[in-house]
Amino acid sequence: MTKAVDVLLLYLINLVHDAANENAARDTSAAFYDAKTSPTGQTTFRRAAAAGAFPSFKVGRKLMARKADVDAWIVTQARSPKPKEQSGDDADATFFASLQPRRPRR
(Lines give C-alpha, C1' and ligand atoms only; values in the text may rest on other atoms or scores of the structure.)
Protein backbone atom coordinates (compact mmCIF):
# COMPACT_ATOMS: atom_id res chain seq x y z
CA MET A 1 0.00 0.00 0.00
CA THR A 2 2.77 2.46 0.87
CA LYS A 3 4.54 1.71 -2.36
CA ALA A 4 1.40 2.61 -4.33
CA VAL A 5 1.09 5.88 -2.41
CA ASP A 6 4.76 6.66 -3.05
CA VAL A 7 4.33 6.04 -6.77
CA LEU A 8 1.19 8.19 -6.89
CA LEU A 9 2.91 10.97 -4.95
CA LEU A 10 5.93 10.84 -7.25
CA TYR A 11 3.62 10.98 -10.28
CA LEU A 12 1.82 14.06 -8.89
CA ILE A 13 5.11 15.80 -8.11
CA ASN A 14 6.36 15.20 -11.65
CA LEU A 15 3.04 16.39 -13.07
CA VAL A 16 3.20 19.66 -11.10
CA HIS A 17 6.87 20.11 -12.00
CA ASP A 18 6.17 19.62 -15.72
CA ALA A 19 3.23 22.05 -15.59
CA ALA A 20 5.42 24.67 -13.88
CA ASN A 21 8.14 24.28 -16.51
CA GLU A 22 5.59 24.56 -19.32
CA ASN A 23 4.18 27.78 -17.84
CA ALA A 24 7.68 29.17 -17.41
CA ALA A 25 8.45 28.42 -21.05
CA ARG A 26 5.36 30.33 -22.18
CA ASP A 27 6.04 33.29 -19.87
CA THR A 28 7.37 36.08 -22.07
CA SER A 29 7.67 38.72 -19.36
CA ALA A 30 11.35 37.89 -18.93
CA ALA A 31 12.01 38.72 -22.59
CA PHE A 32 10.37 42.16 -22.58
CA TYR A 33 10.63 45.47 -20.73
CA ASP A 34 7.78 47.81 -20.01
CA ALA A 35 8.25 51.40 -18.86
CA LYS A 36 8.31 50.41 -15.18
CA THR A 37 10.79 47.53 -15.50
CA SER A 38 13.22 49.09 -17.96
CA PRO A 39 16.65 50.07 -16.62
CA THR A 40 16.39 53.50 -18.25
CA GLY A 41 13.52 54.88 -16.21
CA GLN A 42 9.95 55.41 -17.32
CA THR A 43 10.23 58.78 -19.06
CA THR A 44 13.41 57.91 -20.97
CA PHE A 45 11.92 54.58 -22.05
CA ARG A 46 8.75 56.24 -23.36
CA ARG A 47 10.60 59.06 -25.13
CA ALA A 48 13.09 56.70 -26.77
CA ALA A 49 10.29 54.37 -27.92
CA ALA A 50 8.32 57.32 -29.31
CA ALA A 51 11.43 58.54 -31.15
CA GLY A 52 11.89 55.08 -32.70
CA ALA A 53 15.14 54.28 -30.92
CA PHE A 54 13.97 50.67 -30.61
CA PRO A 55 10.87 48.78 -31.80
CA SER A 56 8.01 48.90 -29.30
CA PHE A 57 4.35 47.96 -29.08
CA LYS A 58 1.43 48.39 -26.73
CA VAL A 59 -0.26 45.65 -24.77
CA GLY A 60 -3.33 47.28 -23.34
CA ARG A 61 -2.03 50.42 -21.70
CA LYS A 62 1.55 49.15 -21.34
CA LEU A 63 4.29 50.10 -23.75
CA MET A 64 6.52 47.05 -24.30
CA ALA A 65 9.85 46.44 -26.03
CA ARG A 66 12.17 43.45 -26.38
CA LYS A 67 14.94 43.41 -23.79
CA ALA A 68 17.56 42.72 -26.44
CA ASP A 69 16.51 45.83 -28.41
CA VAL A 70 16.48 48.08 -25.34
CA ASP A 71 19.80 46.74 -24.07
CA ALA A 72 21.40 47.25 -27.50
CA TRP A 73 20.12 50.84 -27.57
CA ILE A 74 21.50 51.47 -24.08
CA VAL A 75 24.95 50.28 -25.21
CA THR A 76 24.89 52.75 -28.11
CA GLN A 77 24.07 55.58 -25.70
CA ALA A 78 27.20 55.11 -23.59
CA ARG A 79 29.16 58.30 -23.10
CA SER A 80 32.76 58.49 -24.13
CA PRO A 81 35.23 59.07 -21.29
CA LYS A 82 36.40 62.61 -20.63
CA PRO A 83 39.90 63.41 -21.84
CA LYS A 84 42.55 63.55 -19.15
CA GLU A 85 43.31 67.01 -17.89
CA GLN A 86 46.71 68.45 -18.53
CA SER A 87 48.86 69.39 -15.62
CA GLY A 88 51.38 72.11 -15.00
CA ASP A 89 52.31 75.01 -17.27
CA ASP A 90 50.88 73.37 -20.40
CA ALA A 91 47.44 73.30 -18.81
CA ASP A 92 47.63 76.98 -17.87
CA ALA A 93 48.82 77.97 -21.34
CA THR A 94 46.02 76.01 -22.98
CA PHE A 95 43.46 77.53 -20.63
CA PHE A 96 44.56 81.11 -21.21
CA ALA A 97 44.84 80.59 -24.96
CA SER A 98 41.25 79.39 -25.04
CA LEU A 99 39.92 82.55 -23.38
CA GLN A 100 38.27 85.07 -25.65
CA PRO A 101 39.02 88.72 -25.02
CA ARG A 102 36.05 90.45 -23.45
CA ARG A 103 34.21 93.08 -25.40
CA PRO A 104 34.27 96.49 -23.81
CA ARG A 105 31.02 97.63 -22.27
CA ARG A 106 29.27 100.61 -23.71
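Which strand does D34 lie in? D34 belongs to strand 1, which covers residues 32-34. The legends below treat a predicted model.

**View 1. Confidence across the predicted protein.** The mean pLDDT is 79. Of the protein's residues, 67% reach 70 or more. Confidence is highest in helix 2, residues 42-51, with a mean of 94. Helix 4, residues 89-98, has the lowest confidence, with a mean of 65.

**View 2. D34 in strand 1.** The relative accessible area of D34 is 10%. The cut-off for buried is under 20%, so D34 counts as buried. Its side chain makes a polar contact with the side chain of T37, at 2.6 Å.

**View 3. Residues around D34.** Neighbours within four places in sequence are left aside here. D34 is then in contact with F45, K62, L63 and M64.

**View 4. S38 in the loop between strand 1 and helix 2.** S38 has a relative accessibility of 8%. That value is under 20%, so S38 is buried. The S38 side chain reaches back to A35, where the backbone oxygen lies at 3.5 Å.

**View 5. Residues around S38.** Residues up to four places away in sequence are not counted. S38 touches Y33 and F45. F45 is also among the contacts of D34.

Note on methods: Residues numbered from 1 in each chain as written. Predicted model: local features only at pLDDT ≥ 70, side-chain atom pairs only at ≥ 80, totals over all residues. Heavy atoms only, no water. pLDDT = per-residue confidence, 0-100. Helix = DSSP H or I, 4+ residues; strand = E, 2+ residues; numbered from the N terminus. Buried < 20%, exposed > 50% of the residue type's maximum accessible area, 1.4 Å probe, protein only. Polar contact = N/O pair within 3.5 Å; in protein donor to acceptor, adjacent residues only side chain to side chain. Contact = heavy atoms within 4.5 Å.
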